[in-house]
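Subject: Structure for you to look at

Hello,

Here is the structure I promised to pass on. Please open it alongside this note; my findings follow below.

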There are 2 protein chains.
Amino acid sequence: MKEFELIHRFFDGVGPWRDDVRLGVGDDCALLRVPAGKELAVTIDTLVEGVHFHQGADPESLGHKALAVNLSDLAAMGAEPAWATLALTLPGADPHWLAAFSRGFSRLAAAYHVQLVGGDTTRGPLTISVQAHGFVTAGRALRRDGARPGDLVYVTGTLGDAGLALRGIEDIPAPAGCLPYLQSRLQRPSPRLGEGRALAGLAGAAIDISDGLISDLGHICEASGLGARLELERLPRSPAGQAWLDETGDWSLLLSSGDDYELCVTVPPGRQPEVERLAAGFECGLTRIGVMEPRPGIRCLRADGTELEKPSRGYEHFSS
Amino acid sequence: MKEFELIHRFFDGVGPWRDDVRLGVGDDCALLRVPAGKELAVTIDTLVEGVHFHQGADPESLGHKALAVNLSDLAAMGAEPAWATLALTLPGADPHWLAAFSRGFSRLAAAYHVQLVGGDTTRGPLTISVQAHGFVTAGRALRRDGARPGDLVYVTGTLGDAGLALRGIEDIPAPAGCLPYLQSRLQRPSPRLGEGRALAGLAGAAIDISDGLISDLGHICEASGLGARLELERLPRSPAGQAWLDETGDWSLLLSSGDDYELCVTVPPGRQPEVERLAAGFECGLTRIGVMEPRPGIRCLRADGTELEKPSRGYEHFSS
């Protein structure tokens, strides 16, 4: 019965109590109310030790990230977050680990007014599945299949920062002061929820970049039956990303590394002024990087107009 | 990118397509519609290899059981099932395993008109998290805290069958013909969805018996601030359960073994005739086993009126 004590001790009262929660953690099911006129957006994502994070990874960051990657999926639909459930498989019941995990999860949940409404704690290899629920006005969700030829392609924030953090400190030709920033980009990504909701009435299609720009924009291309042309010089990068590029000339960091959780959206050209006015209010920024085209595949052009050949392995899978 | 192929190959079109699914598997989120006047019931449960099932367990049965244990939670709320998501962590991509797992999941999903609307496939130790969503008329859900003193306690089906199957074939003093039945009770439990919905307007409280009767009725007692008195002779058992009891005289099989996924409900005495009329239509049966009392703890009385002393470890946790 330790399981129940665990759940109560660390996961009761995670996130604010919301009026639309009729019954939260502690019964066979949670009971929830979806507002009239809203559709329910649901997503589930799992983090596995040894695959998504190393043994001994900071539990507070894991708590943050396990929720953040799911909120990022809600952001990519233009949804307003509401509730989460947590299925936590643990090798043992370490109260310090649990307290830190719960703290990381709770802080992000509180920041976005998300309530933890249910869960399951089991013993086994460390595996964290979070499901997030949000609302979107009926018919206004940002889907992957909403891009049209001529739509402009935008991304929020900067690309490649989490990828740099993953390469290890000693391998990065970046200013030393950038390291905490890069670690935070990898371990505590910011879901672009405000940006996604603001773009929901304007963008044609959206996705969050979890597997790298080429791979994820590739999903928009596939779902919309299109291709895209990107201008490499326009790809937004942090000072650390620029330093890497200066040193290596390797665009694949920006094109193919994952875990950034930025949004990639397509915007009809007529909406460009409105979107760019709106984006002036985005703290993370929004950068136009290319255009959707009828021809399948993603082409990456250098400033001189020459095309980059297959920038990475990920690229091949989605370019034809 | 194998991950996407996997998901598409084995999990597209699992369960019927429902009209309330605006967008299913394949985008950042599923988009779903909850009918007006209904509350959303949500539950999540995880099965871990080596904890909930042995290495090499039949994948078709696992697919069934992973969904069944969640549908059982919906049944215990009196909810009508609608959608499921699946987070599947796998050591490798074995197409035979995946096909069989998907088949077991799909058949049960089809039987209860449940659509798989999303999921995540990751590499790692075999871990299966399913989240199920259902609807319940606002204010009519069966909660754990709805029992009152004097309420009669009922259970569906028979108790201890999954527990017998777990003890291993050679240890069961049961007719040989019972073994396939016992295995099926353990590996392919039937969620009591029809029974739960039928009882939703009549019962005071309900729970599904996953951890054993004493443990789970204990949750109703705690949530309702009550205790209970059970009549041991009334506990429903299969021929195999009766054979075990005749041989061993050990009531703990019926009281404390888990994995049966029967419902335990409390019924106000005034509703007894109506409930028993209704239960005449339950194929699995519904048996009155005791009564809720103001005094905390669960007392188990033999036919001669003497009280059974602590029938199992699980008992201690919830008897005081």
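Glu293(A) counts as buried, because its relative accessibility is 16% and the cut-off for buried is under 20%. Please keep in mind that this is a predicted model.

Glu293(A) has a charged partner. Its side chain meets that of Arg229(A) in a salt bridge, at 2.6 Å from N to O. Glu293(A) sits in strand 11 (residues 286-293) of chain A, and Arg229(A) sits in strand 9 (residues 227-231) of chain A. The pair therefore ties together parts that are 64 residues apart in sequence. Arg229(A) is partly exposed, at 30% relative accessibility.

Start with Glu262(B) and Arg185(B), whose side chains form a salt bridge of 2.8 Å, N to O. This pair links distant parts of the chain. Glu262(B) is in strand 10 (residues 262-267) of chain B, while Arg185(B) is in helix 5 (residues 179-187) of chain B, 77 residues apart. Are these two buried or exposed? Glu262(B) is buried, with a relative accessibility of 0%. Arg185(B) is buried as well, at 10%.

Then take Arg288(B) and Glu276(B). Their side chains meet in a salt bridge at 3.9 Å, N to O. Arg288(B) belongs to strand 11 (residues 286-293) of chain B, and Glu276(B) to helix 10 (residues 272-279) of chain B. They are 12 residues apart. Arg288(B) is partly exposed, with a relative accessible area of 24%. Glu276(B) is partly exposed too, at 38% relative accessibility.

Some salt bridges join up. In chain A, a network of them links Asp58(A), Glu60(A), Arg103(A), Arg107(A) and Arg188(A). How many salt bridges are there over all chains? The count comes to 38.

**Helices 2 and 3 of chain B**

Next, a helix pair. The axes of helix 2 (residues 59-77) of chain B and helix 3 of chain B come within 6 Å. They cross at roughly 35 degrees. The crossing is right-handed.

Which residues meet there? From helix 2 of chain B, they include Leu62(B), His64(B), Leu67(B) and Leu71(B). From helix 3 of chain B, they include Trp97(B), Phe101(B), Phe105(B) and Leu108(B). Glu60(B), Arg103(B) and Arg107(B) are also among the residues in this contact. By class, the contact between the two helices has 11 nonpolar, 3 polar and 3 charged residues.

Ser102(B) is worth a look in helix 3 (residues 95-111) of chain B. Ser102(B) counts as buried because its relative accessibility is 9%, and the limit for buried is under 20%. What does Ser102(B) touch, leaving aside its neighbours within four places in sequence? Its contacts are Phe10(B), Phe11(B) and Val14(B).

**How the two copies relate**

Last, the chains themselves. Chain B can be laid on chain A by a turn of 180 degrees, with a shift of 0.0 Å along the axis. The RMSD is 0.0 Å. That is why the relation is that of a two-fold axis. Both copies use the same surface: 100% of the contact residues of chain B recur in chain A.

Best wishes

Terms used
Residues are numbered from 1 along each chain as its sequence is written. Chains are lettered from A and ligands numbered from 1 in the order in which they are written. This is a predicted model: local features need pLDDT of at least 70, side-chain atom pairs count only at pLDDT 80 or more; totals for chains, interfaces and linings use all residues. Side-chain values use heavy atoms; hydrogens and water are left out. Helices (H or I, at least four residues) and strands (E, at least two) are DSSP runs, numbered from the N terminus. Buried means under 20% relative accessible area, exposed over 50%, partly exposed in between (1.4 Å probe, protein chains only). Contact means heavy atoms within 4.5 Å. Copies are superposed by least squares on the C-alpha atoms of residues with pLDDT of at least 70 in both. Axes are lines fitted to C-alpha atoms, for helices over the stretch in contact, and angles run from 0 to 180 degrees between N-to-C directions. A crossing is left-handed if the near helix is turned anticlockwise from the far one by less than a right angle, and right-handed if clockwise. Ala, Val, Leu, Ile, Met, Phe, Trp, Tyr, Cys and Pro count as nonpolar, Asp, Glu, Lys and Arg as charged, and the others, Gly among them, as polar. A salt bridge is a side-chain nitrogen of Lys or Arg within 4 Å of a carboxyl oxygen of Asp or Glu.
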